[in-house]
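Have a look at the model alongside me as you read.

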Amino acid sequence: MTVDLIKLLSNGKFGALSIGDSKDKVIQEIGNPIDESVENLSNKIYKYGNVEITFGINDEIASVYIENENTDLDNRIKIKDYEKMRSIELLNLKEILNSFKIKINKENFIDKEKTEGILKLPNHTMVSYKDNIVTSFSICDTSRLVF
């Protein structure tokens with residue numbers, strides 16, 4: 001499966017997959033995961049190298065997380081522009097988002113120095129960073145998670 005990272009950031013689609021898709025569709029599109037785990041005793045996580053897909057209510061996709069610094073890639077998932085975006089500086093990412101007219105809805109800082117935080121984009125999409133370097137890309141609809 002091929003994932004266009006810019007499209008993910010603009011429309012929240014992970015290749016052929018979207019929030020709300022079933023486990024069966026994930027297996028059909030990617031295959032069985034390399035590893036599995038469970039979060040909060042309810043939310044099952046399928047792991048594909050640096051990609052984690054979390055299933056929530058009704059075993060539907062609630063989140064997709066892409067670790068941006070991990071080199072443990074799964075060759076079944078091709079992420080377009082991954083090498084260009086890997087460990088990209090936050091300012092450079094903001095310029096790319098602007099050039100594609102992808103709006104930053106909100107920026108939450110985790111530290112008072114404002115070097116760690118999360119950019120919230122449309123369609124449940126987020127970008128995390130630390131020391132002004134992008135560490136992950138994700139789509140997450142928390143209303144679909146089991147707490």
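**Loops and backbone**

I started with Asn58, which sits in the loop that links strand 4 and strand 5. This is a predicted model, so I read every value here as computed. Asn58 is not a glycine, yet I found its phi to be positive, about 60°. I then looked up its accessibility: the relative value is 66%, so Asn58 counts as exposed.

Next I went to Asp81, in the loop between strand 6 (78-80) and helix 3. Its phi is positive too, near 70°, and Asp81 is likewise a residue other than glycine. Buried, exposed or partly exposed, I wondered about Asp81? At 30% relative accessibility, Asp81 falls in the partly exposed class.

I noted one more positive phi, near 60°, at Lys101, which follows helix 4.

I turned to Thr2, which belongs to strand 1 (residues 2-4). With 52% relative accessibility, Thr2 counts as exposed, because the cut-off for that class is over 50%. Leaving out residues up to four places away in sequence, I found that Thr2 touches Gly15 and Lys78.

**Helix 4**

Which residues of helix 4 are buried, I asked? In this helix (residues 90-99) they are Leu90, Leu93, Ile96 and Leu97. Viewed down the axis of helix 4, these buried residues lie within an arc of 120°, so they line one face of the helix. I kept the general rule in mind: an α-helix has 3.6 residues a turn, so residues three or four places apart point the same way. On the other side of helix 4 I found Leu91, Asn98 and Ser99 exposed.

I also checked what the buried residues of helix 4 pack against. The partners include helix 1 (5-11), helix 3 (82-85), strand 9 (125-130) and strand 10.

**The nonpolar core**

I followed the packing into the largest nonpolar core, which has 36 residues. Leu9, Phe14, Ile53, Leu93 and Phe137 touch the most other members. Among the elements that give two or more residues to this core are helix 1, strand 3 (43-48), helix 4 and strand 10.

Setting aside residues up to four places away in sequence, Phe14 touches Met1, Val3, Leu8, Ile30, Val51, Val64, Ile66, Ile77 and Ile139.

**The largest pocket**

I ended with the largest pocket, which holds about 160 Å³ of space. Its lining includes Glu39, Glu52, Val64, Met126 and Leu145. I sorted the lining residues into 6 nonpolar, 3 polar and 2 charged.

Which strand gives the most to this lining, I wanted to know? Strand 5 does, with 3 residues. Strand 4 (51-55), strand 5 (61-67) and strand 10 (133-140) each supply at least two.

My last stop was Ser63, one of the lining residues, placed in strand 5. Ser63 has 11% relative accessibility, so it counts as buried. Apart from its neighbours within four places in sequence, Ser63 is in contact with Ile19, Glu52, Ile53, Thr54, Ile139 and Cys140. I noticed that Glu52, Thr54 and Cys140 are also in the pocket lining.

How values were computed:
Residues numbered from 1 in each chain as written. Predicted model: local features only at pLDDT ≥ 70, side-chain atom pairs only at ≥ 80, totals over all residues. Heavy atoms only, no water. 1 Å grid on protein atoms, 1.4 Å probe; cavity = no way out; pocket = protein on both sides within 12 Å on 5 of 7 lines; lining within 4 Å. Points joined across faces, edges and corners; volume = space filled by probe spheres on them. Helix = DSSP H or I, 4+ residues; strand = E, 2+ residues; numbered from the N terminus. Nonpolar A, V, L, I, M, F, W, Y, C, P; charged D, E, K, R; others polar. Buried < 20%, exposed > 50% of the residue type's maximum accessible area, 1.4 Å probe, protein only. Contact = heavy atoms within 4.5 Å. Arc of directions from axis to C-beta. Core = buried A, V, L, I, M, F, W, Y, C linked by side-chain atoms within 4.5 Å.
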